[in-house]
Each structure stands twice: as C-alpha cells, then as structure tokens.
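Q: I have a model open and would like to learn how to read a few of its features. Can we walk through them together?

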Amino acid sequence: MLNLPSLYTIPLMIAALLLAIIGHEIMHGYVAYKYGDNTAKIAGRLSLNPIVHIDLVGSILIPAVLFLSNAPFLFGWAKPVPVRMDRVIYQGGYFAALLVSLAGILYNLALALLAAFLFYAFNGGILSGFFEYFSNPQLPYALILFFFLQLIIYNIILAIFNLLPIPPLDGSNALAYLGLIFKSDFFSRIFNKIHPIAGMIVLILILSTPLSAVISAPVNLILQWLL
C-alpha cells in the first residue's frame, strides 16, 4: 500500500487534504448559520465547490512547498469562512460562539474516526469482500486504504494544530469564548492585543521545529490509538 506510484498517490493526498480543510471551514459557517448568521451562506461559502474555498497560499503554495521538500505530511488551509459572531452571540450567547469556534475541529475529528472505521472495514473487515468485484483487486484495494489513511492523518493534524491557543487559530477563539462564558475577558483581551501580528506568528511556528514537535506528539499518540 505504501509503495504506490505518485501518479495515484498525489491526487489522493490532495483530495484528502482538501476534504479536511474545506469541510473544516464549511462547518464554521454552517453552525453559525444555525445560530442566525447567514453571512457565509450569502457569500456562497457553504458550497461544496472547492474553488470558492481554495486559498492561494494555504491550499496551493504551502502544500506544494511541503511536498517538494519531502515533508512527512502535507499541511494547509482554506479561505476562512466569514462569520458574524455578534449575530451568533445575540442568538445563542457565548456558548454558541464556542460551538462555532470548535465546529471545524469537531468535523476533523469526526471525519478521522469515520475514515478509521472505513479503513478497518475494508482492510479485512465487513467491506473487505468489496474488492472481489474487481478483476485486479490489488490496485483499488491499496488506493482506497491509502486514501483513508491520508484522511486520518490530515484530519488529526488539522484538529490538533487548530486547538493551539494562538490567534487566529480556533483554539484561541474557543478559549476566549470559554472565558467569557465564565465572566472572564482575560484571554479575549490578550488575543486582541496580539491579533495584528498573529498571522506572522503562526506562519513562523508552522515552519519551526519546536511546533512540529509539539504537534507530532499528540498526533502520533492518536494515530497509534486509531491504527
């Protein structure tokens, strides 16, 4: 399964990454829509069309650089879905804002669990007989397992990365709204102060070894548990 030619693996890796990052953003907008904010819907960002979500840097350049540099995994992001948190808070309070902030992470974790189930179901499980319908079952068998494996890896990486309490990552928003639920604006004030330079901080941390180590430990632990 791991010795597949790049002709097959590269499209599958890209597809798995796009499913992870685009679905992540759509879920932010979808949960916000459920709490009365139709900003993402009006902007056409609740669409499954990948073109409206692709970010030049996060969806193309960063994954390409990682791939060409033989990085152990691809990483990226889609265009952030526009959300009016004031509308969300008006309809559902700070708890609703917390759910909007965590929606993408929960999506990634759910998709990783689904992919893990399907990986086992096809790999000797209840769906393993599916490959009997192919005249040459080895190639589709390997491709399907490879795709599910990529889904697991990318979704776990995105979930862990976005949990980091650094603006503009979801973890910082979730922590700020969690604080506000308990009548404390400590985190929201801190994150607002560093927000202007937050994008540069995240970019530097993405390329730094320390952050890679911080992310790798929980990612490897979860992957070992799933696989």
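A: Helices (H or I, at least four residues) and strands (E, at least two) are DSSP runs, numbered from the N terminus. Take residues 7-31: the span is 100% helix and 0% strand, with its end C-alpha atoms 37 Å apart. Keep in mind that this is a predicted model, where local features need pLDDT of at least 70, side-chain atom pairs count only at pLDDT 80 or more, and totals for chains, interfaces and linings use all residues. Residues are numbered from 1 along each chain as its sequence is written, and side-chain values use heavy atoms, leaving out hydrogens and water.

Q: At what angle do the axes of α6 and α7 cross?

A: Axes are lines fitted to C-alpha atoms, for helices over the stretch in contact, and angles run from 0 to 180 degrees between N-to-C directions. Here, α6 (residues 170-181) and α7 (residues 186-194) cross at roughly 145°, their axes coming within 7 Å. Contact means heavy atoms within 4.5 Å; Ser172, Leu175, Ala176 and Leu180 of α6 meet Phe187, Ser188 and Phe191 of α7.

Q: Where does Lys183 lie?

A: Lys183 sits in the loop between α6 and α7. Its phi is near 65°, a positive value in a residue other than glycine.

Q: Is Lys183 buried or exposed?

A: Buried means under 20% relative accessible area, exposed over 50%, partly exposed in between (1.4 Å probe, protein chains only). Lys183 is exposed, at 78%.

Q: Which peptide bond is cis?

A: The one from Pro167 to Pro168, with omega near 0°. Pro168 is in the loop between α5 (138-162) and α6.
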